[in-house]
Amino acid sequence: MAEDYVYLQGGRVGGPIAEDDLYTKDGTVDYRGNPANKNVTGTWKACPFILGNELCERLAFYGMSANLVLYFKNHLHQSSAAAAKSISNWTGTCYLTPLIGAFLADAYLGRYKTIASFTIIYVIGMALLTMSTSVPGLKPTCVSRDDCYATAGQSAACFVALYLIALATGGIKPCVSAYGADQFDEDDEIEKKHKSSFFNWFYFVINIGALIASSLLVWIQTNKGWEWGFGIPAVAMAIAVVSFFSGTRIYRNQNPGGSPITRIVQVVVASVRKFKVKVPEDKSVFYETADAESAIKGSRKLEHTNEFRFFDKAAVELPTDNIKGFTDPWRLCTVTQVEELKSIIRLLPVWATGIIFAAVFSQMSNFFVLQGSLMDLHVGSSSFEIPAASLSVFDTLSVIVWIPIYGRLIVPFTRKFTGHKNGITSLQRMGIGLFISIFSMICAAILEYIRLQKVREHNYYDLDHMPMSVFWQVPQYFLIGAAEVFTVIGQVDFFYDQAPDAMRSLSSALALSTVALGNYFNSLLVTIVSNVTTKNNKPGWIPDNLNYGRLDYFFCFLAVLSVLNLGAFMLISKWYTYKKTLGTLR
(Lines give C-alpha, C1' and ligand atoms only; values in the text may rest on other atoms or scores of the structure.)
Protein backbone atom coordinates (compact mmCIF):
# COMPACT_ATOMS: atom_id res chain seq x y z
CA MET A 1 0.00 0.00 0.00
CA ALA A 2 1.33 3.42 -0.95
CA GLU A 3 2.44 5.54 1.98
CA ASP A 4 3.43 9.16 2.53
CA TYR A 5 4.73 11.12 5.53
CA VAL A 6 3.57 14.43 6.95
CA TYR A 7 5.93 17.01 8.45
CA LEU A 8 4.27 18.44 11.52
CA GLN A 9 4.93 21.77 13.23
CA GLY A 10 8.37 21.98 14.78
CA GLY A 11 9.88 19.62 12.18
CA ARG A 12 8.53 16.39 13.66
CA VAL A 13 7.67 13.69 11.19
CA GLY A 14 4.19 12.24 11.51
CA GLY A 15 3.22 8.69 10.77
CA PRO A 16 2.50 7.33 7.32
CA ILE A 17 -0.74 8.34 5.62
CA ALA A 18 -2.74 5.50 4.13
CA GLU A 19 -3.47 5.72 0.42
CA ASP A 20 -7.18 6.04 1.20
CA ASP A 21 -6.47 9.24 3.14
CA LEU A 22 -3.90 10.62 0.68
CA TYR A 23 -6.19 10.92 -2.33
CA THR A 24 -9.65 12.40 -2.78
CA LYS A 25 -12.59 9.99 -2.71
CA ASP A 26 -14.98 11.89 -5.00
CA GLY A 27 -13.27 10.85 -8.24
CA THR A 28 -11.35 14.08 -8.93
CA VAL A 29 -8.00 13.96 -10.76
CA ASP A 30 -5.08 16.35 -11.17
CA TYR A 31 -4.03 18.07 -14.38
CA ARG A 32 -2.17 14.93 -15.51
CA GLY A 33 -5.26 12.75 -15.05
CA ASN A 34 -3.93 11.00 -11.94
CA PRO A 35 -5.95 10.69 -8.69
CA ALA A 36 -5.87 14.06 -6.92
CA ASN A 37 -3.47 14.21 -3.98
CA LYS A 38 -5.15 16.06 -1.09
CA ASN A 39 -1.90 17.65 0.08
CA VAL A 40 -0.97 19.07 -3.33
CA THR A 41 -4.23 19.94 -5.06
CA GLY A 42 -7.52 21.68 -4.42
CA THR A 43 -9.02 23.25 -1.26
CA TRP A 44 -8.39 26.92 -0.51
CA LYS A 45 -4.95 26.94 -2.16
CA ALA A 46 -6.59 26.47 -5.58
CA CYS A 47 -9.54 28.80 -4.97
CA PRO A 48 -7.74 32.19 -5.25
CA PHE A 49 -7.09 31.56 -8.96
CA ILE A 50 -10.75 30.65 -9.56
CA LEU A 51 -12.01 33.55 -7.46
CA GLY A 52 -9.58 35.92 -9.22
CA ASN A 53 -10.92 34.79 -12.58
CA GLU A 54 -14.51 35.34 -11.42
CA LEU A 55 -13.69 38.77 -9.95
CA CYS A 56 -12.24 40.03 -13.24
CA GLU A 57 -14.93 38.38 -15.39
CA ARG A 58 -17.76 39.89 -13.33
CA LEU A 59 -16.03 43.28 -13.31
CA ALA A 60 -15.94 43.05 -17.12
CA PHE A 61 -19.56 41.86 -17.38
CA TYR A 62 -21.10 44.39 -15.01
CA GLY A 63 -18.82 47.16 -16.23
CA MET A 64 -20.18 46.56 -19.69
CA SER A 65 -23.84 45.87 -18.82
CA ALA A 66 -24.70 48.13 -15.84
CA ASN A 67 -25.17 51.22 -18.03
CA LEU A 68 -26.03 49.43 -21.27
CA VAL A 69 -29.69 50.46 -21.27
CA LEU A 70 -28.64 54.12 -21.53
CA TYR A 71 -26.16 53.26 -24.30
CA PHE A 72 -29.01 51.67 -26.25
CA LYS A 73 -31.25 54.68 -25.67
CA ASN A 74 -28.77 57.55 -26.17
CA HIS A 75 -26.24 56.14 -28.64
CA LEU A 76 -28.25 53.57 -30.63
CA HIS A 77 -31.29 55.89 -30.46
CA GLN A 78 -33.79 53.34 -29.06
CA SER A 79 -36.97 54.24 -27.16
CA SER A 80 -37.28 53.50 -23.41
CA ALA A 81 -39.38 50.38 -24.00
CA ALA A 82 -37.15 49.17 -26.86
CA ALA A 83 -33.98 49.73 -24.79
CA ALA A 84 -35.50 47.85 -21.84
CA LYS A 85 -36.44 44.94 -24.12
CA SER A 86 -32.99 44.93 -25.77
CA ILE A 87 -31.21 44.69 -22.43
CA SER A 88 -33.65 42.03 -21.19
CA ASN A 89 -33.24 39.91 -24.32
CA TRP A 90 -29.46 40.17 -24.27
CA THR A 91 -29.20 39.45 -20.54
CA GLY A 92 -31.62 36.55 -20.99
CA THR A 93 -29.38 35.09 -23.69
CA CYS A 94 -26.34 35.47 -21.41
CA TYR A 95 -28.08 33.19 -18.91
CA LEU A 96 -29.54 30.76 -21.46
CA THR A 97 -26.29 29.90 -23.27
CA PRO A 98 -24.95 28.25 -20.08
CA LEU A 99 -27.05 25.23 -21.07
CA ILE A 100 -24.68 24.83 -24.04
CA GLY A 101 -21.53 25.24 -21.96
CA ALA A 102 -22.83 22.93 -19.24
CA PHE A 103 -23.62 20.18 -21.75
CA LEU A 104 -20.11 20.40 -23.24
CA ALA A 105 -18.51 20.38 -19.77
CA ASP A 106 -20.46 17.44 -18.36
CA ALA A 107 -20.44 15.37 -21.55
CA TYR A 108 -17.13 15.92 -23.32
CA LEU A 109 -14.69 18.64 -22.25
CA GLY A 110 -14.82 18.79 -18.46
CA ARG A 111 -15.12 22.07 -16.58
CA TYR A 112 -11.48 23.16 -16.91
CA LYS A 113 -11.30 22.98 -20.72
CA THR A 114 -14.75 24.56 -21.08
CA ILE A 115 -13.87 27.56 -18.90
CA ALA A 116 -10.50 27.97 -20.63
CA SER A 117 -11.97 27.87 -24.17
CA PHE A 118 -14.91 30.19 -23.59
CA THR A 119 -12.83 32.71 -21.63
CA ILE A 120 -10.76 33.31 -24.78
CA ILE A 121 -13.96 33.82 -26.82
CA TYR A 122 -15.03 36.35 -24.16
CA VAL A 123 -11.86 38.41 -24.66
CA ILE A 124 -12.46 38.48 -28.44
CA GLY A 125 -16.05 39.68 -27.88
CA MET A 126 -14.93 42.43 -25.51
CA ALA A 127 -12.31 43.59 -28.02
CA LEU A 128 -14.94 43.80 -30.78
CA LEU A 129 -17.32 45.73 -28.48
CA THR A 130 -14.56 48.23 -27.67
CA MET A 131 -13.88 48.66 -31.40
CA SER A 132 -17.60 49.35 -32.04
CA THR A 133 -17.35 52.43 -29.79
CA SER A 134 -13.91 53.70 -30.82
CA VAL A 135 -13.19 52.88 -34.48
CA PRO A 136 -14.48 55.47 -37.00
CA GLY A 137 -17.15 53.92 -39.18
CA LEU A 138 -18.11 51.40 -36.50
CA LYS A 139 -19.02 53.87 -33.75
CA PRO A 140 -22.31 55.88 -33.87
CA THR A 141 -22.30 59.52 -35.07
CA CYS A 142 -22.97 61.90 -32.16
CA VAL A 143 -24.41 65.44 -32.31
CA SER A 144 -23.78 65.79 -28.56
CA ARG A 145 -22.72 63.44 -25.76
CA ASP A 146 -26.16 61.86 -25.36
CA ASP A 147 -27.61 62.52 -28.80
CA CYS A 148 -26.23 59.94 -31.22
CA TYR A 149 -27.45 58.09 -34.28
CA ALA A 150 -26.29 54.65 -35.38
CA THR A 151 -26.65 53.14 -38.83
CA ALA A 152 -27.99 49.59 -39.21
CA GLY A 153 -24.42 48.36 -39.72
CA GLN A 154 -23.12 50.13 -36.62
CA SER A 155 -25.96 48.71 -34.50
CA ALA A 156 -25.25 45.26 -35.97
CA ALA A 157 -21.54 45.51 -35.05
CA CYS A 158 -22.47 46.33 -31.46
CA PHE A 159 -24.96 43.48 -31.17
CA VAL A 160 -22.63 40.93 -32.83
CA ALA A 161 -20.03 41.72 -30.16
CA LEU A 162 -22.62 41.57 -27.36
CA TYR A 163 -24.02 38.22 -28.45
CA LEU A 164 -20.52 36.79 -28.87
CA ILE A 165 -20.00 37.76 -25.21
CA ALA A 166 -23.36 36.14 -24.40
CA LEU A 167 -22.09 32.90 -25.98
CA ALA A 168 -18.83 33.14 -24.00
CA THR A 169 -20.61 33.59 -20.68
CA GLY A 170 -22.37 30.31 -21.46
CA GLY A 171 -19.14 28.39 -21.04
CA ILE A 172 -18.04 30.20 -17.88
CA LYS A 173 -21.10 30.80 -15.71
CA PRO A 174 -22.32 27.19 -15.26
CA CYS A 175 -18.84 25.83 -14.71
CA VAL A 176 -16.86 28.24 -12.55
CA SER A 177 -18.88 27.96 -9.31
CA ALA A 178 -19.11 24.17 -9.69
CA TYR A 179 -15.38 24.04 -10.50
CA GLY A 180 -14.60 25.91 -7.30
CA ALA A 181 -16.77 23.48 -5.32
CA ASP A 182 -14.94 20.57 -7.02
CA GLN A 183 -11.82 21.66 -5.11
CA PHE A 184 -13.39 20.30 -1.89
CA ASP A 185 -13.81 16.54 -1.46
CA GLU A 186 -17.48 15.83 -0.69
CA ASP A 187 -16.53 12.55 0.97
CA ASP A 188 -14.15 14.26 3.38
CA GLU A 189 -16.16 15.79 6.26
CA ILE A 190 -13.50 18.41 7.01
CA GLU A 191 -13.28 19.63 3.41
CA LYS A 192 -17.05 19.40 2.88
CA LYS A 193 -17.65 22.02 5.59
CA HIS A 194 -15.70 24.56 3.53
CA LYS A 195 -17.85 24.17 0.40
CA SER A 196 -20.67 26.39 1.68
CA SER A 197 -18.08 29.00 2.71
CA PHE A 198 -16.68 28.89 -0.82
CA PHE A 199 -20.08 29.77 -2.28
CA ASN A 200 -20.28 32.77 0.09
CA TRP A 201 -16.81 33.95 -0.93
CA PHE A 202 -17.63 33.27 -4.57
CA TYR A 203 -20.62 35.57 -4.41
CA PHE A 204 -18.61 38.08 -2.37
CA VAL A 205 -15.98 38.51 -5.13
CA ILE A 206 -18.75 38.75 -7.74
CA ASN A 207 -20.06 41.76 -5.88
CA ILE A 208 -16.63 43.31 -5.41
CA GLY A 209 -16.38 43.23 -9.22
CA ALA A 210 -19.88 44.68 -9.47
CA LEU A 211 -18.98 47.40 -6.94
CA ILE A 212 -16.02 48.60 -9.00
CA ALA A 213 -18.06 48.34 -12.20
CA SER A 214 -21.15 50.18 -10.99
CA SER A 215 -19.14 53.01 -9.43
CA LEU A 216 -15.87 53.65 -11.24
CA LEU A 217 -16.62 52.16 -14.68
CA VAL A 218 -20.11 53.65 -14.95
CA TRP A 219 -18.65 57.06 -14.08
CA ILE A 220 -15.96 56.59 -16.76
CA GLN A 221 -18.61 55.64 -19.35
CA THR A 222 -20.70 58.70 -18.50
CA ASN A 223 -17.88 61.24 -18.25
CA LYS A 224 -14.91 59.93 -20.26
CA GLY A 225 -16.60 58.03 -23.07
CA TRP A 226 -17.72 54.53 -23.96
CA GLU A 227 -14.43 53.58 -25.63
CA TRP A 228 -12.81 53.76 -22.18
CA GLY A 229 -15.92 52.35 -20.51
CA PHE A 230 -15.76 49.20 -22.63
CA GLY A 231 -11.97 49.10 -23.07
CA ILE A 232 -11.21 48.73 -19.35
CA PRO A 233 -13.57 45.71 -18.98
CA ALA A 234 -11.79 44.16 -21.99
CA VAL A 235 -8.45 44.47 -20.14
CA ALA A 236 -10.06 43.01 -16.99
CA MET A 237 -11.17 40.00 -19.01
CA ALA A 238 -7.62 39.47 -20.29
CA ILE A 239 -6.43 39.46 -16.64
CA ALA A 240 -9.13 36.86 -15.88
CA VAL A 241 -7.56 34.54 -18.48
CA VAL A 242 -4.12 34.87 -16.85
CA SER A 243 -5.54 34.25 -13.36
CA PHE A 244 -7.36 31.08 -14.38
CA PHE A 245 -4.45 29.46 -16.23
CA SER A 246 -2.06 30.26 -13.34
CA GLY A 247 -3.70 27.63 -11.12
CA THR A 248 -3.70 24.78 -13.66
CA ARG A 249 -1.23 22.55 -11.79
CA ILE A 250 -3.11 22.55 -8.47
CA TYR A 251 -6.72 22.24 -9.66
CA ARG A 252 -8.82 19.15 -9.02
CA ASN A 253 -10.82 18.08 -12.08
CA GLN A 254 -13.92 15.93 -12.47
CA ASN A 255 -13.80 13.74 -15.56
CA PRO A 256 -16.74 14.26 -17.96
CA GLY A 257 -19.29 11.48 -17.54
CA GLY A 258 -20.69 11.36 -21.07
CA SER A 259 -23.82 13.03 -22.38
CA PRO A 260 -26.33 13.56 -19.54
CA ILE A 261 -29.05 14.24 -22.12
CA THR A 262 -28.48 10.79 -23.68
CA ARG A 263 -28.72 9.10 -20.27
CA ILE A 264 -31.99 10.93 -19.49
CA VAL A 265 -33.50 9.96 -22.86
CA GLN A 266 -32.39 6.34 -22.35
CA VAL A 267 -34.35 6.15 -19.08
CA VAL A 268 -37.47 7.62 -20.71
CA VAL A 269 -37.25 5.26 -23.72
CA ALA A 270 -36.61 2.18 -21.54
CA SER A 271 -39.53 3.11 -19.27
CA VAL A 272 -41.92 3.57 -22.19
CA ARG A 273 -40.83 0.26 -23.71
CA LYS A 274 -41.71 -1.44 -20.41
CA PHE A 275 -44.93 0.49 -19.68
CA LYS A 276 -46.78 -2.83 -19.13
CA VAL A 277 -44.17 -4.12 -16.66
CA LYS A 278 -45.21 -4.03 -13.01
CA VAL A 279 -42.77 -2.22 -10.71
CA PRO A 280 -41.71 -4.57 -7.86
CA GLU A 281 -42.01 -3.42 -4.26
CA ASP A 282 -38.59 -4.86 -3.37
CA LYS A 283 -36.08 -2.24 -4.48
CA SER A 284 -33.19 -4.72 -4.17
CA VAL A 285 -34.25 -6.40 -7.43
CA PHE A 286 -33.67 -3.26 -9.51
CA TYR A 287 -30.67 -3.37 -11.84
CA GLU A 288 -27.44 -1.80 -10.56
CA THR A 289 -23.75 -2.49 -11.12
CA ALA A 290 -22.10 -4.83 -8.64
CA ASP A 291 -19.01 -2.61 -8.42
CA ALA A 292 -18.57 -0.04 -5.67
CA GLU A 293 -18.64 2.69 -8.31
CA SER A 294 -21.61 3.52 -10.55
CA ALA A 295 -21.64 2.75 -14.27
CA ILE A 296 -21.56 6.50 -14.95
CA LYS A 297 -18.02 7.86 -15.12
CA GLY A 298 -17.30 10.36 -12.35
CA SER A 299 -20.54 9.71 -10.45
CA ARG A 300 -21.33 8.02 -7.13
CA LYS A 301 -24.27 5.66 -6.86
CA LEU A 302 -27.61 7.15 -5.85
CA GLU A 303 -30.06 5.57 -3.42
CA HIS A 304 -33.44 4.54 -4.81
CA THR A 305 -36.41 6.82 -4.05
CA ASN A 306 -40.13 6.07 -4.31
CA GLU A 307 -41.23 9.12 -6.32
CA PHE A 308 -41.94 8.94 -10.07
CA ARG A 309 -42.09 5.14 -9.95
CA PHE A 310 -42.98 4.90 -13.64
CA PHE A 311 -39.30 5.49 -14.43
CA ASP A 312 -38.31 2.57 -12.16
CA LYS A 313 -39.52 0.34 -14.99
CA ALA A 314 -36.26 1.21 -16.80
CA ALA A 315 -34.33 -0.59 -14.01
CA VAL A 316 -36.49 -3.77 -14.07
CA GLU A 317 -34.39 -6.47 -15.71
CA LEU A 318 -36.03 -8.70 -18.33
CA PRO A 319 -34.49 -11.60 -20.31
CA THR A 320 -34.73 -9.56 -23.53
CA ASP A 321 -32.55 -6.78 -22.08
CA ASN A 322 -29.35 -8.77 -22.55
CA ILE A 323 -28.28 -9.64 -26.08
CA LYS A 324 -25.25 -11.96 -26.30
CA GLY A 325 -24.11 -10.82 -22.85
CA PHE A 326 -24.39 -7.14 -23.77
CA THR A 327 -26.81 -4.93 -21.81
CA ASP A 328 -28.71 -2.54 -24.08
CA PRO A 329 -28.81 0.87 -22.26
CA TRP A 330 -31.94 1.79 -24.26
CA ARG A 331 -33.76 -1.15 -22.62
CA LEU A 332 -32.15 -1.44 -19.18
CA CYS A 333 -30.78 1.36 -17.01
CA THR A 334 -29.13 1.31 -13.59
CA VAL A 335 -30.86 2.66 -10.48
CA THR A 336 -28.35 5.52 -10.42
CA GLN A 337 -29.21 6.48 -14.00
CA VAL A 338 -32.94 6.44 -13.16
CA GLU A 339 -32.32 8.52 -10.04
CA GLU A 340 -30.40 11.07 -12.12
CA LEU A 341 -33.59 11.75 -14.07
CA LYS A 342 -35.67 11.85 -10.89
CA SER A 343 -33.25 14.36 -9.35
CA ILE A 344 -33.65 16.70 -12.32
CA ILE A 345 -37.46 16.33 -12.26
CA ARG A 346 -37.49 17.20 -8.54
CA LEU A 347 -35.40 20.31 -9.25
CA LEU A 348 -37.73 21.66 -11.95
CA PRO A 349 -40.52 23.06 -9.70
CA VAL A 350 -37.91 24.81 -7.51
CA TRP A 351 -36.26 26.07 -10.69
CA ALA A 352 -39.55 27.50 -12.00
CA THR A 353 -40.05 29.67 -8.90
CA GLY A 354 -36.76 31.44 -9.67
CA ILE A 355 -38.17 32.98 -12.87
CA ILE A 356 -40.31 35.65 -11.15
CA PHE A 357 -37.44 36.50 -8.80
CA ALA A 358 -35.16 36.95 -11.84
CA ALA A 359 -37.72 39.28 -13.44
CA VAL A 360 -37.72 41.38 -10.25
CA PHE A 361 -33.91 41.34 -10.13
CA SER A 362 -33.70 42.48 -13.78
CA GLN A 363 -35.35 45.79 -12.88
CA MET A 364 -31.96 47.00 -11.60
CA SER A 365 -30.53 47.07 -15.11
CA ASN A 366 -33.51 48.68 -16.84
CA PHE A 367 -36.41 50.44 -15.10
CA PHE A 368 -34.51 51.32 -11.91
CA VAL A 369 -31.91 53.05 -14.12
CA LEU A 370 -34.54 54.79 -16.28
CA GLN A 371 -36.42 55.88 -13.14
CA GLY A 372 -33.23 57.27 -11.59
CA SER A 373 -32.18 59.07 -14.79
CA LEU A 374 -35.19 61.42 -14.39
CA MET A 375 -34.28 62.38 -10.80
CA ASP A 376 -31.74 64.81 -9.35
CA LEU A 377 -28.32 63.17 -9.81
CA HIS A 378 -26.32 65.64 -7.69
CA VAL A 379 -24.53 64.36 -4.60
CA GLY A 380 -25.84 66.63 -1.83
CA SER A 381 -25.43 70.31 -2.65
CA SER A 382 -22.26 69.76 -4.71
CA SER A 383 -21.99 70.05 -8.49
CA PHE A 384 -20.88 66.41 -8.82
CA GLU A 385 -23.45 64.20 -10.59
CA ILE A 386 -23.62 60.46 -10.05
CA PRO A 387 -24.75 58.34 -13.04
CA ALA A 388 -28.18 56.74 -12.44
CA ALA A 389 -26.73 53.27 -13.10
CA SER A 390 -24.21 53.80 -10.28
CA LEU A 391 -27.02 53.47 -7.73
CA SER A 392 -26.64 49.71 -8.21
CA VAL A 393 -23.56 50.12 -6.01
CA PHE A 394 -25.99 50.02 -3.07
CA ASP A 395 -27.15 46.59 -4.17
CA THR A 396 -23.51 45.51 -4.14
CA LEU A 397 -22.82 47.12 -0.76
CA SER A 398 -25.91 45.39 0.62
CA VAL A 399 -24.55 42.02 -0.52
CA ILE A 400 -21.12 42.76 0.94
CA VAL A 401 -22.75 43.69 4.26
CA TRP A 402 -25.19 40.78 4.37
CA ILE A 403 -22.77 37.95 3.47
CA PRO A 404 -20.69 38.24 6.69
CA ILE A 405 -23.87 38.90 8.72
CA TYR A 406 -25.34 35.69 7.34
CA GLY A 407 -22.17 33.63 7.88
CA ARG A 408 -21.09 35.07 11.24
CA LEU A 409 -24.43 35.77 12.95
CA ILE A 410 -27.42 34.14 11.28
CA VAL A 411 -25.88 30.68 10.71
CA PRO A 412 -24.52 30.20 14.30
CA PHE A 413 -27.74 31.60 15.81
CA THR A 414 -30.13 29.42 13.79
CA ARG A 415 -27.88 26.36 14.18
CA LYS A 416 -28.62 26.40 17.94
CA PHE A 417 -32.31 25.83 17.22
CA THR A 418 -32.23 23.67 14.07
CA GLY A 419 -29.09 21.59 14.55
CA HIS A 420 -28.44 21.95 10.81
CA LYS A 421 -24.76 22.46 9.91
CA ASN A 422 -25.64 25.55 7.83
CA GLY A 423 -28.24 26.87 10.29
CA ILE A 424 -31.07 26.65 7.77
CA THR A 425 -31.53 24.58 4.63
CA SER A 426 -30.87 25.98 1.16
CA LEU A 427 -34.60 25.96 0.44
CA GLN A 428 -35.37 27.96 3.59
CA ARG A 429 -32.63 30.42 2.64
CA MET A 430 -34.11 30.86 -0.85
CA GLY A 431 -37.61 31.40 0.57
CA ILE A 432 -36.41 34.23 2.84
CA GLY A 433 -34.88 35.96 -0.19
CA LEU A 434 -38.12 35.64 -2.19
CA PHE A 435 -39.97 37.27 0.73
CA ILE A 436 -37.52 40.19 0.90
CA SER A 437 -37.73 40.78 -2.88
CA ILE A 438 -41.44 41.62 -2.55
CA PHE A 439 -40.58 44.66 -0.45
CA SER A 440 -38.06 45.89 -3.00
CA MET A 441 -40.85 46.16 -5.58
CA ILE A 442 -43.14 47.81 -3.03
CA CYS A 443 -40.44 50.41 -2.25
CA ALA A 444 -39.88 51.09 -5.97
CA ALA A 445 -43.64 51.48 -6.53
CA ILE A 446 -44.06 53.89 -3.58
CA LEU A 447 -41.10 56.00 -4.74
CA GLU A 448 -42.45 56.19 -8.30
CA TYR A 449 -45.93 57.11 -7.03
CA ILE A 450 -44.48 59.99 -4.97
CA ARG A 451 -42.24 61.08 -7.85
CA LEU A 452 -45.17 61.21 -10.29
CA GLN A 453 -47.24 63.15 -7.76
CA LYS A 454 -44.53 65.83 -7.68
CA VAL A 455 -44.30 65.82 -11.47
CA ARG A 456 -48.05 66.51 -11.76
CA GLU A 457 -48.11 69.08 -8.94
CA HIS A 458 -45.22 71.17 -10.31
CA ASN A 459 -45.52 70.42 -14.04
CA TYR A 460 -42.09 68.75 -14.25
CA TYR A 461 -43.12 66.66 -17.28
CA ASP A 462 -40.43 67.90 -19.65
CA LEU A 463 -37.56 68.35 -17.19
CA ASP A 464 -34.53 66.12 -17.78
CA HIS A 465 -34.01 65.84 -14.01
CA MET A 466 -36.74 66.72 -11.52
CA PRO A 467 -35.70 68.17 -8.10
CA MET A 468 -35.97 64.89 -6.18
CA SER A 469 -32.76 63.16 -5.11
CA VAL A 470 -31.89 59.90 -6.86
CA PHE A 471 -30.69 58.59 -3.48
CA TRP A 472 -34.34 57.89 -2.59
CA GLN A 473 -33.75 54.76 -4.67
CA VAL A 474 -31.28 53.37 -2.13
CA PRO A 475 -33.86 51.30 -0.13
CA GLN A 476 -35.07 49.37 -3.19
CA TYR A 477 -31.48 48.58 -4.23
CA PHE A 478 -30.51 47.59 -0.68
CA LEU A 479 -33.48 45.20 -0.38
CA ILE A 480 -32.64 43.58 -3.72
CA GLY A 481 -29.10 43.01 -2.41
CA ALA A 482 -30.38 41.36 0.77
CA ALA A 483 -32.69 39.16 -1.32
CA GLU A 484 -29.68 38.12 -3.46
CA VAL A 485 -27.68 36.91 -0.47
CA PHE A 486 -30.49 34.59 0.54
CA THR A 487 -32.02 33.48 -2.77
CA VAL A 488 -29.17 33.51 -5.30
CA ILE A 489 -26.44 32.01 -3.08
CA GLY A 490 -28.95 29.51 -1.70
CA GLN A 491 -29.90 28.62 -5.26
CA VAL A 492 -26.28 28.05 -6.34
CA ASP A 493 -25.61 25.85 -3.28
CA PHE A 494 -28.90 23.94 -3.67
CA PHE A 495 -28.55 23.15 -7.38
CA TYR A 496 -24.93 22.02 -6.96
CA ASP A 497 -25.67 19.89 -3.90
CA GLN A 498 -28.81 18.24 -5.28
CA ALA A 499 -27.43 17.52 -8.74
CA PRO A 500 -26.03 14.09 -9.59
CA ASP A 501 -22.21 14.13 -9.68
CA ALA A 502 -21.98 13.89 -13.49
CA MET A 503 -24.64 16.57 -14.05
CA ARG A 504 -23.43 19.42 -11.88
CA SER A 505 -22.55 21.84 -14.67
CA LEU A 506 -25.93 21.14 -16.27
CA SER A 507 -27.65 21.72 -12.94
CA SER A 508 -25.80 25.02 -12.45
CA ALA A 509 -26.85 26.03 -15.96
CA LEU A 510 -30.43 25.11 -15.09
CA ALA A 511 -30.28 27.50 -12.13
CA LEU A 512 -28.81 30.24 -14.35
CA SER A 513 -31.51 29.70 -16.97
CA THR A 514 -34.05 31.12 -14.50
CA VAL A 515 -32.26 34.45 -14.96
CA ALA A 516 -32.63 34.07 -18.73
CA LEU A 517 -36.31 33.23 -18.54
CA GLY A 518 -36.84 35.98 -15.96
CA ASN A 519 -35.40 38.53 -18.38
CA TYR A 520 -37.42 37.15 -21.29
CA PHE A 521 -40.49 37.18 -19.05
CA ASN A 522 -39.79 40.82 -18.18
CA SER A 523 -39.43 41.63 -21.89
CA LEU A 524 -42.75 39.89 -22.57
CA LEU A 525 -44.43 41.79 -19.72
CA VAL A 526 -43.15 45.10 -21.09
CA THR A 527 -44.52 44.24 -24.54
CA ILE A 528 -47.93 43.17 -23.19
CA VAL A 529 -48.23 46.12 -20.79
CA SER A 530 -47.20 48.59 -23.51
CA ASN A 531 -49.72 47.17 -26.00
CA VAL A 532 -52.60 46.96 -23.52
CA THR A 533 -52.11 50.33 -21.79
CA THR A 534 -51.51 52.41 -24.94
CA LYS A 535 -54.92 51.74 -26.49
CA ASN A 536 -57.09 54.72 -27.44
CA ASN A 537 -53.99 56.94 -27.84
CA LYS A 538 -53.15 56.78 -24.12
CA PRO A 539 -49.45 57.19 -23.11
CA GLY A 540 -49.56 53.86 -21.25
CA TRP A 541 -47.63 52.71 -18.19
CA ILE A 542 -44.21 52.79 -19.91
CA PRO A 543 -44.02 55.68 -22.44
CA ASP A 544 -40.74 57.04 -23.80
CA ASN A 545 -40.99 59.88 -21.25
CA LEU A 546 -41.75 58.09 -17.99
CA ASN A 547 -43.08 61.32 -16.46
CA TYR A 548 -46.26 60.71 -18.47
CA GLY A 549 -46.47 57.02 -17.49
CA ARG A 550 -47.40 54.84 -14.51
CA LEU A 551 -44.28 52.81 -13.82
CA ASP A 552 -45.53 52.46 -10.23
CA TYR A 553 -48.35 50.22 -11.51
CA PHE A 554 -45.78 48.01 -13.24
CA PHE A 555 -43.75 47.63 -10.02
CA CYS A 556 -46.97 46.82 -8.07
CA PHE A 557 -47.82 44.17 -10.66
CA LEU A 558 -44.40 42.54 -10.11
CA ALA A 559 -44.95 42.67 -6.32
CA VAL A 560 -48.25 40.78 -6.68
CA LEU A 561 -46.61 38.17 -8.91
CA SER A 562 -43.84 37.80 -6.31
CA VAL A 563 -46.38 37.11 -3.52
CA LEU A 564 -48.02 34.38 -5.61
CA ASN A 565 -44.60 32.97 -6.48
CA LEU A 566 -43.59 32.80 -2.79
CA GLY A 567 -46.77 30.84 -2.00
CA ALA A 568 -45.98 28.33 -4.75
CA PHE A 569 -42.38 28.03 -3.53
CA MET A 570 -43.48 27.21 0.02
CA LEU A 571 -45.73 24.37 -1.23
CA ILE A 572 -42.95 22.98 -3.46
CA SER A 573 -40.36 23.12 -0.63
CA LYS A 574 -42.64 21.12 1.65
CA TRP A 575 -42.90 18.40 -1.01
CA TYR A 576 -39.19 18.24 -1.99
CA THR A 577 -37.13 15.07 -1.25
CA TYR A 578 -33.36 15.46 -0.91
CA LYS A 579 -31.04 13.07 -2.80
CA LYS A 580 -28.90 10.44 -1.04
CA THR A 581 -25.60 9.07 -2.34
CA LEU A 582 -24.15 5.62 -1.70
CA GLY A 583 -20.44 4.95 -1.23
CA THR A 584 -17.48 6.81 -2.71
CA LEU A 585 -15.46 6.77 -5.93
CA ARG A 586 -12.22 5.66 -4.21
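Guide: We begin with accessibility: a residue is buried under 20% relative accessible area, exposed over 50%, and partly exposed in between, with a 1.4 Å probe and protein chains only. This is a predicted model, in which local features need pLDDT of at least 70, side-chain atom pairs count only at pLDDT 80 or more, and totals for chains, interfaces and linings use all residues. Residues are numbered from 1 along each chain as its sequence is written, and side-chain values use heavy atoms, with hydrogens and water left out.

Visitor: Is Phe 326 buried or exposed?

Guide: Phe 326 counts as exposed, because its relative accessibility is 54%. Helices (H or I, at least four residues) and strands (E, at least two) are DSSP runs numbered from the N terminus, and Phe 326 belongs to strand 7, residues 326-327. Its C-alpha atom is separated by 38 Å from that of Lys 192, 134 residues apart along the chain.

Visitor: Which residues does Gln 371 touch?

Guide: Contact means heavy atoms within 4.5 Å. Leaving aside residues up to four places away in sequence, Gln 371 touches Ala 444, Leu 447, Glu 448, Arg 451, Gln 473, Gln 476, Leu 546, Leu 551 and Phe 555. Gln 371 sits in helix 12 (residues 367-373) and is buried, with a relative accessible area of 0%.

Visitor: How are the axes of helix 11 and helix 17 arranged?

Guide: Axes are lines fitted to C-alpha atoms, for helices over the stretch in contact, and angles run from 0 to 180 degrees between N-to-C directions. The axes of helix 11 (residues 354-361) and helix 17 (residues 551-575) come within 9 Å and cross at roughly 150°. Helix 11 is therefore roughly antiparallel to helix 17; angles under 35 degrees count as roughly parallel, over 145 as roughly antiparallel, 65 to 115 as roughly perpendicular and the rest as oblique.

Visitor: Which residues meet there?

Guide: Ile 356, Phe 357 and Val 360 of helix 11 meet Leu 561, Ser 562 and Asn 565 of helix 17.

Visitor: What can be said of the protein overall?

Guide: Its secondary structure comes to 17 helices and 8 strands. The radius of gyration, taken over C-alpha atoms, is compared with a globule rule of 2.2 Å times the number of residues to the power 0.38. Here the value is 26 Å, close to the 25 Å that the rule gives for 586 residues, so the protein is as compact as a globular protein of that length. Buried residues make up 56% of the 586 residues.
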